[in-house]
Amino acid sequence: MARQKSDDPQIKPFKGPAGGWGSVRSLAEILPRERIHPEVLRELSRQNKPDGFACVSRAWAKPADHHPAEFCEEGAKATAWELTSLRTTPAFFAEHTLGELRSWRDYDLEQQGRLTHPLRYDPDTDRYVGCSWTEAFDEIGSVLAALPPKSVVFYSSGRTSLEASYMYGLMARMYGNQNLPDSSNMCHESTSVGLKAAIGVPVGTTQLSDFDACDTIFFFGQNVGSNAPRMLHDLRRCRKRGVEIVTFNPLKERGLERFTDPQNPIEMATLKETAISTQYHQVKAGGDIAAMMGIAKFLVEWNDQAVANAQPPVLDLDFIKAHTNGFGAFVSAVRAASWDDIERESGLPRAELEVSARIYAKGEAVMAMYGMGLTQHVKGVENVRMLVNLLLLRGNIGKPGAGPTPVRGHSNVQGQRTVGITEKTELVPVARLEEQYGFTAPREKGLDTVESCRGVIDGSVKAFVALGGNFLRAVPETTAMEEAWPRLDLSVQIATKLNRNHLFPGKVTYLLPCLGRIEEDVQASGPQAVSVEDSTSCIHGSRGKATPASQHLLSEPAIVAELAKRILPDNPKVNWDAWVADYGTIRDAIEQTYPAIFPAFNKRLFTPGGFWKGNKAAERIWLTPSKKAEFLVPEGLSATGFADAAGRFRLITLRSNDQFNTTIYGYHDRFRGVKGTRDVLFMNVADIALAGLSEGQIVALESDAGDGKTRRREGLIVTPYDIPRGCLGAYYPECNVLMPVEHHAEESHVPAAKSVPVRIAV
């Protein structure tokens, strides 16, 4: 397919709601563009339903009592993207060198369609050429066998199934390392670290049923309209019964303002909207700790007054006494925090925080939902712990309708960690794996995403095997990473479509095309099913039925098995071929490794609504050293990790509603009124005036990290937007070039993409 030109950039405010006719028109645009066939419409009717397939993008929960169309605008785009009729064959690469393709946009690369054949990079012609699967596996195996295991990274994207993830993690450990970074390292690892320390589990405690039991929802740093649109049905249902929804987010996001249900004929016909947030507070980027501290300060002061006047306490003192540790130190920190500091760091007036605190104090069952607006800061882990502090003050964990609810993005990013995709020994039952498979597992911590980037740049990482994803485009330090990648001895990319990472070959490079989740996967025992875990810790079966894009594709489990057979010695306890022949045997193995999580795994695979893996904190059983939930005092009120200075801005990297992670579906960010471009810099009007700029002016951003390195992003259009003073917004992944690899969350190493220090250059 020929490259498509961008439309002339058009930037004007969007006045409509999330959902509604805008969603319908958006789908009407993308479906013909992907040259869909009738099979796509059939598959959309099966999406996120029992005995259907799990959405290949969003991880939001899949209800047992489903809607007629259980997909959102973004999920439908992902399905059309995967089932496109467009194809990228070896003939395409005969016409284009990788050097030429590096000048193409991300959208144009993926829009060429599905990869059809295994490919080997030919350095003499700077092109990919077709090869056999045997040739690919043999050479990959030969290179890996000659390398020190600690120098090899095994990355996986968040859409990889539980079955393939389990095999992949086992293969890496049997090979000799735990270098298993994944998408979680880039987004919600701050959740895993923060919640684990505070309440003893690394995931949220709520389920879909809690939406029917809550009376209040607090929202922090999550754009539901673009990143989890199916949740809007749950939020709409809550608003219809009077649930208060209080939102803290730097930008006004349309999905958190108002929503028209595309599946409600009356709303569509009458253009009726449901207001989602009852309060909307535009907190500064990195100001959430301060905002939550302000709410906590009101609660503590009101509780003091109530106790002094012999009135019922505002805090749940019985819960605090029975179930928590560290309350005294936390309350001392709350009392010591000054309102001047709270207002300055949050960007919110005391009066606004008081209104929020009154709503929180009135709520009997409060859910706290959040996304990467909390996790992707230098103090991202402290953000998560502060949210837990707020919930603990009134006993809002471990009862119906209450608890922390991190909204995961990728479709199985949480599940991968459950079955062993992690660099951390303590998160994996290594002793059980050793007994089960008769090998000695490594105990040394492996490389996470940030450490893998360091290793690629300094040369200590020699090989990179990617089970999906677009690692080079997703990570920080874009320029240095792209310059270092060709020094790798081996780069293996397992993928469905061409992306930018594939254009930077190592000394030996293979591009291996795999089946997509929606396609029928037939093995020796017949058609196969796989499984995923959603944001609420429910496990779902997924069965593809679409015709594969090419007869030359292999499934992810089959590719992992062939790699394992090349790089591992024979082991009578691991029959890779038998696992590929029948994925049910992989699930039996998973059940043996994780008996408490996956009892009767195969029997429960297609349970409507999924089966819950359980959560001890939801039962008020705290798996912390103290056996209690922990109040943890933040070190300060700002999560940015850097000080404000004249001319320094806090850059928030954003996703449009026409993309999923690094996948760009088009150039129309409907909710922000941007069409035909992604080269946009969203600025507060007062900041534009103060900087002497004008609307539509073309500027650059420069990194202000203070490390002496030059990082620059050119060609951004100054665009007035409702965003807090001192904050800027621009699109991810294009602005990753501005982010140092060392600008990451403490403890979790999540890239701090929601507050990057930058300056504007004219």
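User: Which is the crossing of α13 and α17, left-handed or right-handed?

Analyst: In this predicted model, where local features need pLDDT of at least 70 and side-chain atom pairs pLDDT 80 or more, while totals for chains, interfaces and linings use all residues, the crossing of α13 and α17 is right-handed. Residues are numbered from 1 along each chain as its sequence is written, and side-chain values use heavy atoms, with hydrogens and water left out.

User: How do you know where the axes of α13 and α17 come together, and at what angle they cross?

Analyst: The axes of α13 (residues 288-308) and α17 (residues 350-362) come within 9 Å and cross at roughly 65 degrees, on a scale from 0 to 180 degrees between N-to-C directions, with axes fitted to C-alpha atoms over the stretch in contact. Helix α13 contributes residues including Ala291, Phe298 and Trp302, and α17 contributes others, among them Leu353, Glu354 and Tyr360, where contact means heavy atoms within 4.5 Å. By class, this contact holds nine nonpolar, two polar and three charged residues.

User: Why is His540 called buried?

Analyst: His540 is called buried because its relative accessible area is 6%, and the term covers values under 20%, with exposed meaning over 50% and partly exposed in between (1.4 Å probe, protein chains only).

User: What makes the pairing of the His540 and Asp534 side chains a polar contact?

Analyst: The two side chains are joined at 2.7 Å, and this counts as a polar contact because the term requires N or O atoms within 3.5 Å, one able to donate a hydrogen and the other to accept it, with residues adjacent in sequence counting only if both atoms are side-chain atoms.

User: Why does Phe598 count as buried, and where is it placed?

Analyst: Phe598 counts as buried because its relative accessibility is 0%, although its place is in the loop between α27 (583-593) and α28 (601-604). Beyond four places in sequence, Phe598 touches Leu162, Thr418, Ile539 and Phe611, among others.

User: Which residues have the most contacts inside the largest nonpolar core?

Analyst: That core has 62 residues, and those with the most contacts inside it are Phe154, Tyr166, Met171, Leu512, Trp576 and Trp579. Helix α8 (residues 162-175) gives the most to this core, with nine residues. Met171 itself is in contact with Phe154 and Trp576, among others.

Methods: Helices (H or I, at least four residues) and strands (E, at least two) are DSSP runs, numbered from the N terminus. A crossing is left-handed if the near helix is turned anticlockwise from the far one by less than a right angle, and right-handed if clockwise. Ala, Val, Leu, Ile, Met, Phe, Trp, Tyr, Cys and Pro count as nonpolar, Asp, Glu, Lys and Arg as charged, and the others, Gly among them, as polar. A nonpolar core is a set of buried Ala, Val, Leu, Ile, Met, Phe, Trp, Tyr and Cys residues joined through side-chain atoms within 4.5 Å.
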